[in-house]
Amino acid sequence: MRFTASPVVELPVSGAVLTFEQDNDSFEVGTSVWPSSLVLVKFVERCIRDPALPFADVLRFPGTRAVELGSGCGPAGLGLSRLGLTDLVLTDIAAVLPALRRNLRRNRVHLARAPRLAQLHWNCPAHLATLATPRRFDLVVAADVVYVQESVPHLIAAMDALADAERGVVLLGYQIRSPEAHQVFWETVPAVFPVIEKVAREHLDPEYAYEESDVFILRRSPRQ
Ligand SMILES: C[S@@+](CC[C@H](N)C(=O)[O-])C[C@H]1O[C@@H](n2cnc3c(N)ncnc32)[C@H](O)[C@@H]1O
């Protein structure tokens, strides 16, 4: 791996600067940092600072049991961990876990509690069953994971398998990477998470409101 030859990405979160080493020469997309993860973390930080903004219910972290899908180098998960999401499992395919582990170690000093790392291939029932035991998650986080059309049904099935059957919520950083994957995702996901809210642009952090990146909150039923 050639992490040292690739630029390090910095993300200021809650008074610390998290840093993410990448390996831009790798064939794995997960060894680079993708922008919607940064947009997502800075949106959450802004909501925590200003409780008048919407979605306070999702972003009330104490007691929240969370998992991230496709963590890559870990910008979204480690950023949220810095913001207080301490009961968190970061996941990815086996080939990307070394990059994730390396970045967890690099940023550990800024985290109250280290997230757990786990291998998860979205279409592996054994991985899903292990993660969902003893109970499913309150919050499923994912950033920039919709880009291969064939993987989309597995991604949605994994979100469904991991999110609590009643109150499970998905926090999604999103950018259109493939028109085909985009179409299949938004045609299919309402069957599982029928309540879909897109965060208004004015609620994103203005310094991290890239034109093409959005944040969505997906729910199984309308909030109370
Ligand atoms: C575009 S990268 C985004 C990485 C990270 N979330 C970020 O925003 O920087 C997509 C991630 O999804 C993971 N991924 C893709 N297909 C997957 C699958 N079938 N099962 C599990 N993870 C997968 C990749 O390994 C990669 O880490």
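**Close-up views of a predicted model**

View 1. The model is predicted: local features need pLDDT of at least 70 and side-chain atom pairs count only at pLDDT 80 or more, whereas totals for chains, interfaces and linings use all residues. Residue numbers start from 1 along each chain as its sequence is written. S3 (residues 66-69) and S4 (residues 88-92) run parallel and are joined by 3 bridges; strands pair if DSSP finds at least two bridges between them. S3 also pairs in the parallel sense with S6 (residues 139-143), over 4 bridges, and there Leu-69 has Ala-142 as its bridge partner. Both faces of S3 are covered, with Ala-66 and Glu-68 buried on one side and Val-67 and Leu-69 on the other. A residue is buried if 20 or more other C-beta atoms, placed from the backbone, lie within 10 Å of its own, exposed if 12 or fewer, and partly exposed in between.

**View 2. The β-α-β unit.** Helix H2 (residues 75-82) forms, with S3 and S4, a right-handed β-α-β unit. Right-handed here denotes a clockwise path from the first strand over the helix to the second, with the strands pointing away from the viewer.

**View 3. The nonpolar core around Leu-155.** The largest nonpolar core has 60 residues, and Leu-155 is among those with the most contacts inside it, together with Leu-40, Leu-69, Val-140 and Val-170. Such a core is a set of buried Ala, Val, Leu, Ile, Met, Phe, Trp, Tyr and Cys residues joined through C-beta atoms within 7 Å. Helix H1 (residues 35-49) supplies the largest share of this core, 7 residues. Leaving aside neighbours within four places in sequence, Leu-155 is in contact (C-beta atoms, placed from the backbone, within 7 Å) with Leu-69, Trp-122, Val-145 and Val-146.

View 4. In the loop between H4 (125-131) and S6 lies Pro-134, which is joined to Thr-133 by a cis peptide bond with omega about 10°. Ser-14, in the loop between S1 (9-13) and S2 (16-20), has a positive phi near 50° although not a glycine. Asp-144, likewise not a glycine, has a positive phi of about 55° and is found in the loop between S6 and H5 (152-162). Ser-14 counts as partly exposed because it has 14 C-beta neighbours inside 10 Å, whereas Asp-144, with 25, counts as buried.

Note on methods:
Helix = DSSP H or I, 4+ residues; strand = E, 2+ residues; numbered from the N terminus. Contact = placed C-beta atoms within 7 Å.
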